Amino acid sequence: MRVGLLTREYPPDVYGGAGVHVEFLAGELRALVDLDVHCWGEGASDGLVRHRAWHALDGANDALRTFSVDLAMAAALAGRELVHSHTWYTNLAGHLGKLLHGIPHVMTAHSLEPLRPWKAEQLGGGYALSSWAERTAAESADALIAVSGAMREDILACHPGVDPAKVHVVHNGIDTGLYRPDPATDALERLGVDPGRPYVLFVGRITRQKGVPHLLRAARQLDPGVQLVLCAGAPDTPETDAEFRVLFEELRRVRAGGVQWIPAMLPRPDIVQLLTHAALFVCPSVYEPLGIVNLEAMACGTAVVASRVGGIPEVVQDGVTGLLVPYEPKDPDGFERDLGRALNELATDPGRAAAMGAAGRRRAVGRFGWDAVARRTVQVYEESLHADR
């Protein structure tokens, strides 16, 4: 089977969960199908083609620049028997490839534009374009893959024109060989993190979706002996960046130290080491179809405190591998209060946190291997190829 896999992110340019998903899925798929990967960037190599936005659109709205990449991707799909797109950045390419080449289109939904209204701050009028592209692709795709059961429900609610029979749940995976406890502490020392003092760790982008402002307010309640380490970058907008910086400086003044911001995109070995030695990992997202970063923390043997949204409860077992905090958009103060309480509850009880971390590692190994994800994905391909279209 000749498959074209479409993605914005691909190594070395991976900054979010969708990019991590595609990186590891592609690695497993190559043993099962004839795979070409199409991504953003410049250049090509065996089985990988990078596409750049048209120079004529330099400085234009990002949605229009994205569509120019989609057109190039669709044209490059000649000879493929099936196209598989990831995120709105390539959904239009998958849809156009389906029409142009007469091949099935499988679409993986990592998030949904209607549930991310804050994207209008980043894209302006382009948000209407990204929403249109996603909806058009979803309603005409031969199959949709939801990364969680909660995401499947969201797809059907946001896009009522989608046939429920075409929506399949295939959970995200984790490479538990790469993400595993690392006893070394050289990365911590190099980054200025005190390995002898417990710390709460956040890893993610500075976006409204990831709930970083909520975390910075909740962290005011942290026990004075507990550090907060933020591996946070790639702000969506200058306004989001400015809000983060104000809240971060306020927290530093309130806590008089013990707060560290690492804005760089760290290599995976450094992240693994930070995850391993954290007292706990925190995921305060207000919207999260699955939350692959929680799996990464669990695979490193670290307890997780996360918001009870989207697909997170399908990964983090409340009271077993971590603690879940209900999120109500109309009560942000209550969420921040409860989040701070949960962080303190685990950060000051190392025995309980360690037991949850061990349970998380067992769950990650037993339930979320990428080999199983790839096999299930190929099953969706085969069903799409043989269905009446």
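I took rings of Phe, Tyr and Trp (its six-membered ring) as paired if their centres lie within 6.5 Å, with planes under 30 degrees apart counted as stacked, over 60 as edge-to-face and the rest as tilted. By this rule I counted 8 aromatic pairs.

I looked up one of them: Tyr327 and Phe335 pair edge-to-face, at 5.1 Å centre to centre and 80 degrees between the planes. I found Phe335 buried, at a relative accessible area of 1% (buried is under 20%, exposed over 50%, partly exposed in between, with a 1.4 Å probe and protein chains only).

The model is predicted: local features need pLDDT of at least 70, side-chain atom pairs count only at pLDDT 80 or more, and totals for chains, interfaces and linings use all residues. Residues are numbered from 1 along each chain as its sequence is written, and side-chain values use heavy atoms, leaving out hydrogens and water.

I next noted a cluster of Trp40, Trp88 and Tyr89, linked by ring pairs. Arg8 lies over the face of Trp40, 4.1 Å from the ring centre, and its charged end sits over the ring of Tyr89, 4.5 Å from the centre. For this I required NZ of Lys or CZ of Arg within 6 Å of the ring centre and within 35 degrees of the ring normal.

I then turned to helix 2 (residues 62-75) and helix 3 (residues 88-101), whose axes come within 8 Å and cross at roughly 35 degrees. Helices are DSSP runs (H or I, at least four residues), numbered from the N terminus; axes are lines fitted to C-alpha atoms over the stretch in contact, with angles from 0 to 180 degrees between N-to-C directions. The contact (heavy atoms within 4.5 Å) includes Phe67 and Leu71 of helix 2 and Trp88 and Tyr89 of helix 3.

Note on methods
Helices (H or I, at least four residues) and strands (E, at least two) are DSSP runs, numbered from the N terminus.
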